Amino acid sequence: MKAWQFKVLRRLADGEFHSGEALARALGMSRASIWLAVRELGAAGLEVYKVRGRGYRLAQPLSLLDREAVLRQLGDDAAHFSIEVLDSANSTNTHAMQRAQQDVPGALVIAAEWQEAGRGRMGRTWHAGIGGALTFSLVWRFTQGMGFLSGLSLAVGVALMRVLRALGIAEAGLKWPNDVVWRGGKLAGILIEMQGDMLGPSTAVIGIGVNVRLSDTVRGRIDQAAADLETACNQPLDRNQLLALLLRELRQVLEVFAREGLAPFRDEWQRYHAHQDKIVTLILPDARQERGWARGVAEDGALLIETETGIRRYHSGEISLRPITPVMRNG
């Protein structure tokens with residue numbers, strides 16, 4: 001997506017019809033350029049109606065990300081963040097990691113309408129359509145070393161769950177170590193990358209992607225079950241308000257985590273754990289599989305699995321976690 005294409009998107013975001021001639025005149029473009037921009041919007045996952053004599057209209061209005069709108073929603077909390085909103089980025093985490101190496105504030109937020117190379121855990125691609133997801137990264141500095149941050153993704157998951165509960169999404173749950181799920185589909189993901197020393201200080205770049213509205217086009221690109229917030233709460237959402245809610249909760253959680261680590265959040269995480277006390281299959285990096293009961297997490301964020309030989313610990317990046325589907329037998 002190019003800057004001139006985003007100009008067309010902003011004109012169409014109200015969900016009303018706009019003729020190609022009016023768009024071209026207002027934006028100083030040719031009608032052919034308007035047509036090309038609309039085609040790219042469709043390829044990016046937006047449903048655009050084209051009606052002869054009336055022009056172009058999005059199937060649904062969009063709440064495009066706007067820095068000033070986020071700051072207004074934050075109110076007094078706005079002073080604690082430095083917020084940048086980009087039309088596009090290869091990855092907000094990559095951008096934030098680069099900025100973190102510079103002399104930037106410790107609570108820098110990079111949000112993007114469009115990620116060209118959004119990343120998830122274990123190198124997976126994060127698929128999202130324009131206006132249909134909230135993708136942002138938060139730079140947070142710690143006086144402790146990177147070893148202290150081992151349970152950070154779990155604490156961040158708790159912050160997300162608190163916001164979802166406030167939105168009335170009671171069925172959402174956490175999947176270890178960094179996913180939020182709803183009715184079996186992935187609703188949000190967390191990707192944390194770190195810089196610094198083992199003894200400190202250190203910096204965490206906390207990347208968060210939330211499915212707000214999934215189009216059929218984007219859903220078809222995702223290779224796993226997916227869910228979105230607007231379906232879960234049965235109402236349209238303002239992504240600027242959602243970002244403000246998440247930042248406010250993240251600040252509260254991260255300030256406590258910086259003092260006390262995962263301990264204050266461990267019980268709460270386990271209450272939200274989608275697989276707590278259920279039988280799961282663990283797929284290890286060498287493709288071996290192990291089966292056991294999910295028994296929560298340890299003080300350092302390791303997953304605890306009860307096997308035939310006792311409780312075993314597993315760390316982020318080593319396994320995949322999949323619940324076992326019960327086998328139904330006749331008779």
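**Close-up views of a predicted model**

**View 1. An open sheet of five strands.** The strands follow the order S13-S12-S11-S10-S14, with antiparallel pairing, in an open sheet of five. Its edge strands, S13 (310–314) and S14 (320–323), each pair on one side only. From one strand to the next, the twist averages 45°. Here strands (E, at least two residues) and helices (H or I, at least four) are DSSP runs, numbered from the N terminus, and two strands pair if DSSP finds at least two bridges between them.

This is a predicted model, where local features need pLDDT of at least 70, side-chain atom pairs count only at pLDDT 80 or more, and totals for chains, interfaces and linings use all residues. Residues are numbered from 1 along each chain as its sequence is written, and side-chain values use heavy atoms, leaving out hydrogens and water.

**View 2. Strands S10 and S11, with a helix on the sheet.** S10 (residues 279–283) and S11 (residues 289–297) run antiparallel and are joined by five bridges. Look for Ile283, which stands opposite Gln289 in S11. Helix H10 (residues 263–272) packs on the sheet and touches S11 and strand S12 (303–307); contact means heavy atoms within 4.5 Å. The direction of H10 makes about 125° with that of S11; axes are lines fitted to C-alpha atoms, for helices over the stretch in contact, and angles run from 0 to 180 degrees between N-to-C directions.

**View 3. Helices H1 and H3.** H1 (residues 3–12) and H3 (residues 31–43) pack at about 80°, their axes 9 Å apart. Among the residues that meet are Trp4 and Leu12 in H1 and Ile34 and Leu41 in H3.
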